[in-house]
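Here are my notes on the model, as numbered points. Please read them with the structure open.

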Amino acid sequence: MLAEHSMVVLNSILPDVGLHAGDVGAIVHVYREGKAYEGEIFDRDGATVALQTLESGEVKPIGPGEPLPTRRRDLAE
């Protein structure tokens, strides 16, 4: 289970909300003992792109030292 404030990367494409695999965010709330999360997805400048409920299989933690593969905001839209 991921903890609140964990840095994560999306595994899935969520076309309805314009999110792509590789987008980066942070867990802001944990639902149902880790079965789902509220994630704040942001661009490389730290601006929020989306606040989205995510199933546990749609995200994975970013490990220490991993680069953050964030998209430019103009490419995120």
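**Notes on the core, strands and loops**

1. Start at L10. Leaving aside residues up to four places away in sequence, L10 touches L19, H20, A21, G22, D23, I41, L54, E58 and V59. Contact here means heavy atoms within 4.5 Å.

2. A word on the basis. This is a predicted model, in which local features need pLDDT of at least 70 and side-chain atom pairs count only at pLDDT 80 or more, while totals for chains, interfaces and linings use all residues. Numbering runs from 1 along each chain as its sequence is written, and side-chain values use heavy atoms, with hydrogens and water left out.

3. L10 also belongs to the largest nonpolar core. That core has eleven residues: L2, V8, L10, L14, L19, I27, Y37, I41, A50, L54 and V59. A nonpolar core is a set of buried Ala, Val, Leu, Ile, Met, Phe, Trp, Tyr and Cys residues joined through side-chain atoms within 4.5 Å. Buried means under 20% relative accessible area, exposed over 50%, and partly exposed in between (1.4 Å probe, protein chains only).

4. Which elements give two or more residues to this core? They are β1 (7–10), β3 (36–42) and β4 (48–55). Strands (E, at least two residues) are DSSP runs, numbered from the N terminus. Another core, of five residues, lies apart from the largest one; V9, V24, A26 and F42 are among its members.

5. β1 has two partners to check. With β2 it runs antiparallel, joined by three bridges. M7 stands opposite A26 in β2. β1 also pairs with β5 (residues 59–61), again antiparallel and over three bridges. Here L10 faces V59 of β5. Strands count as paired if DSSP finds at least two bridges between them.

6. How many salt bridges are there? The count is one. The criterion is a side-chain nitrogen of Lys or Arg within 4 Å of a carboxyl oxygen of Asp or Glu. E55 and R32 form the bridge, their closest N and O atoms being 3.7 Å apart. E55 lies in β4 and R32 in the loop between β2 (24–31) and β3, so the pair ties together parts 23 residues apart in sequence. E55 is partly exposed, at 40% relative accessibility. R32 is exposed, at 51%.

7. Please look at two backbone angles. Most residues other than glycine have a negative phi. R32 has a positive phi, near 45°. For H5, phi is also positive, near 80°. H5 sits in the segment before β1 and is exposed, with a relative accessible area of 66%.

Terms used
Helix = DSSP H or I, 4+ residues; strand = E, 2+ residues; numbered from the N terminus.
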